Amino acid sequence: MKHVIETDFPFEKIDPIAENESYRKEINRPIYHIHKWWAKRLGSVFRSIVSGALTEGEWVDFHARQKHSGKVVLDPFMGSGTTLGEAAKLGANVIGCDVNPVSTFMVSQALTRVDPLELENEFKLIERDIKKSILHYYTTTVPNSSKPTQALYYFWVKVVTTPSAEEIPLFSSYVFSKNAYPSKKPDSQIWCPSCESIFVEKYNSTEVECPCCSHEFNPQAGPARGAKVVDSEGNEYKIKDLIANSGKPPSHKLYAVMALDEAGNKVYIKPTEFDFNLLAEARDRLAELEGVLPLPTMMVRPGHNTDQARGYNYNSWRVFFNDRQLLCLGLLLERILKIESKVVRDHFVCLFSGTLEFNNLFCSFKGEGTGAVRHMFSNHILKPERTPLENSVWGTPKSSGTFSTLFKSRLIKAKTYLDKPFEISLNTRGSGRASEKVVCSDPIDVTVTSSWDEFCSARQGALVLNGDSSTLPIPDASVDAVVTDPPYFDFVHYSELSDFFYAWLTNALGGEYGYLNRVDSSHENEVQDKDCGSFTRKIRSIFQECNRVLKEDGLLCFSYHHSNIDGWMAIYNAVTGAGFDIVAAHPVKAEMSVASPKSAAKDPINIDAILVCKKEVEAPVIVEPKREIQRRFNDYTDRFDEVGRSLSSGDRFVIACSQAIVVASCSRLSSEMTVGLIEWAIAECASAKTTIQSTAMKIVKSLPALDI
C-alpha cells in the first residue's frame, strides 16, 4: 500500500494554517526559535509531510493525535530542527545531522528537556549577580528628571573623513525615527545637522526650521546619497573608497538616545556629557579586562555573504560590536559559564548566543509601533548599517531583543512548548477567520543522544549529529522516512553567517564539544556552491546515503523551489543519480509572503514543491509526457483557484518545473531531454493559466511528440 503523500497533499487545508503560523513563527513554533537560523520552514507544513510519509491508506486529519511509535525519521540537513520536532510530536524516533556546529548546538538545546522553574531560578541568580553591573552602562539623564534613568536604545551614525579632513555623518535622511504606520501617526523625530538637537515634525516634511537654532533644511536630504557622500562644498566621494582608504572600520557618532523618564514614558533626547563619560568608562573597563573576558578572536572569512562587511574593514568578529557591547556581553557570558548544571548552562549559552543577533553594530531601528530592533540578518548578508541602533544588553520590560526579554519570550516559551506542543486551529466566524491553539500531540519527551547505541536504547530517541551527512553512523535500512529541506545552490552560505555566533560559542564551549572546537563553522563538504556541478555532486552523495539507510518502502520527501532551470536540473540529477525516482511533487505554502527577501522581489515565490521520492521502482508508462505535465499543472492551479489563492508567475514556474521533473524521472529521461521538457513546461504552462477544457489542450495535441 502506498503512503498517502505519494498520491496527494491536502494543501488547501494546510496552507491557511501555515499562513497563520508564518506571521508569528517565533510564537507559534517557539521550539525552533530559541536561536537564529536561516530559511526556517513552517512547522505545520512539515508536520503534514511527516504524517503523509508515515501514513498508509488515507490522510489523517491535521489535528488528530498520531502515534507513529517505533518509526524512525531522518533529516540530513537538520538546520533549526523543524523535521525533528514535528516527527517527535507524532511519536517517531528522530535523527538529525547538520554539517554546521551552530545548528547542532541549538537543536540539542531545543529538544533537551529542562524544568522551566530551574531556568527561572538560575535566571534570578544571574540577575542578582550581573544585572546591576550591566544596566549601569545603559543609563542616561533625561531633562527634568531628578536622577539617571534607563536608556532603551542609542542611535549612532557612521562617519567618514574626506581627503580635506571633513568628517561627514552618513545620514541619507535626518528623519531617524517614525512610526511603522506614518500615515496614521505622522509625527517623527528629526536631527538637526546644525546644532544637533532633536525635535518633532511630520515624517514627510521637506522644509523645517530647527526650534533650537532656527536652521532651515530639508530633513529628507542627508549627505549620503546612494553609494556616494557629498561634503559641505558639494564634492562627491564614493563612501566605500573613503572607508577602504582608512584601513579600519568607520567610526561612529552617537546622536540620539531613547530613554525612559521617571514616569516610565519613552522620550528621545540629545546625548550629554553623562552619556559620553559612560562610554569612556566602558572603554576603560574593557581594557582592564582584556584577556579575561571570553570575547571573540576569530577573523571574518572572505565570502559571498561577508565581502560587503569586509569591504568596510570589518575583518574580525570583534569589531562588529562597540566597546560597551563587548564589555557587557563579555561580563554576561563570563557569569553564564559559571553555572554548575551543564544542561542549564548550555541553555543559557544558547540564549546568550541568540541575544547577539540584536546587540551589535549591524542592527538598525525598525520604528515606533514595532519590535524596534531590526536584527543584523534581515538582509541575509552582512550589510554594514550606516545608522546602527545600539540595544541595551540586559534590557527593560519595554525593550526588545535583549537578554532578559528573550529569556521570557524565546527560551521559556520553547521549554513550555515541549510540555504542551500546540497546533493552530482556524475557525471561520462571520467574515473573518479566528485562530486558537490546540494541543493534539503528546509532550515532546525525547532522549537526546549522540550515538546510535544510546539512540536505540531510548524509549523515544533523538540522535543529534554534527558532520557530513554523506557518511552517517547508522546501519543500512534503519530509517522509515527521510524528510528534509536541503539548501539551494548559489543561495545563502550559512557558515559564513553562522561564524558570527560561532566566534563566541567556540570560546565558551569549544573545550567540551569537539564540533565547537574548529577553526570556524565551515566544512569542506557543506552543500553551498555557486557551481551547479559541485552542488549536484555533494547533494547527490547525501541522497545516496539516504538511499542506503532508508528501508525499501521508505520515502525521501523534501521541500524545494528555485527560480531558474539550473536549480531544478541540479536537484533532478542529484535525486536520480542517487537511485531515487521522483514520484510526486505537491505545491505548498513556503514562508510568510511579506518576509524581507520576498517583499523586495519583483515576482516572489511563495510556494515550495514537496518532492516525493522512492527507491527506483518499475517506471510507469507515460505515453504523452507533455499532456501529463499539462494535466498535473492544471489540476494544481485549478485547486488553488477553488480556494481563492492567487499565484504569482514565480509560483506557476515552480509548479511547472516540479511537475516536469516528476514526469521526466518516471520516464527515465536523460538530463538533456529533461531540460527540454522543463523549458516546454515553463513556456506552455507557467506563462498563462490554462485548464484541461480550454483550447490549450488543442495546443498540446499539436505539439511534436517527445522522443523518449
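Colleague: Which residues of H1 are buried?
Modeller: In this predicted model, the buried residues of H1 are Phe-11, Ile-14, Asp-15, Ile-17, Ala-18, Glu-21 and Ser-22. Each counts as buried because its relative accessible area is under 20%.

Colleague: Thanks! What span does H1 reach, and what is expected?
Modeller: Helix H1 covers residues 11-23, which is 13 residues. From its first C-alpha to its last it reaches 18 Å, close to the 18 Å expected at 1.5 Å a residue.

Colleague: Now to another pair of helices. Why are H16 and H20 called oblique to each other?
Modeller: Helix H16 (residues 565-577) and helix H20 (residues 671-686) pack at an angle of about 135 degrees, and their axes are 11 Å apart. Roughly perpendicular ends at 115 degrees and roughly antiparallel needs over 145, so H16 and H20 are oblique to each other. Their crossing is right-handed.

Colleague: Which residues make the contact?
Modeller: On H16, the contact is made by Ile-565, Trp-568, Met-569, Tyr-572 and Asn-573. H20 brings Ser-671, Thr-674, Val-675, Ile-678, Glu-679 and Ile-682. Sorted by kind, the residues of this contact are seven nonpolar, three polar and one charged.

Colleague: And what makes Asn-379 partly exposed?
Modeller: Its relative accessible area is 43%. Buried would be under 20% and exposed over 50%, so Asn-379 is partly exposed.

Colleague: Where is Asn-379 found?
Modeller: You can find Asn-379 in the loop between strand S17 (372-374) and strand S18 (389-390). Asn-379 and Asn-305 are 74 residues apart in sequence, and in space they are 10.0 Å apart, C-alpha to C-alpha.

Notes. Residues are numbered from 1 along each chain as its sequence is written. This is a predicted model: local features need pLDDT of at least 70, side-chain atom pairs count only at pLDDT 80 or more; totals for chains, interfaces and linings use all residues. Side-chain values use heavy atoms; hydrogens and water are left out. Axes are lines fitted to C-alpha atoms, for helices over the stretch in contact, and angles run from 0 to 180 degrees between N-to-C directions. Helices (H or I, at least four residues) and strands (E, at least two) are DSSP runs, numbered from the N terminus. Angles under 35 degrees count as roughly parallel, over 145 as roughly antiparallel, 65 to 115 as roughly perpendicular and the rest as oblique. A crossing is left-handed if the near helix is turned anticlockwise from the far one by less than a right angle, and right-handed if clockwise. Contact means heavy atoms within 4.5 Å. Ala, Val, Leu, Ile, Met, Phe, Trp, Tyr, Cys and Pro count as nonpolar, Asp, Glu, Lys and Arg as charged, and the others, Gly among them, as polar. The expected span of a helix is 1.5 Å times one less than its number of residues. Buried means under 20% relative accessible area, exposed over 50%, partly exposed in between (1.4 Å probe, protein chains only).
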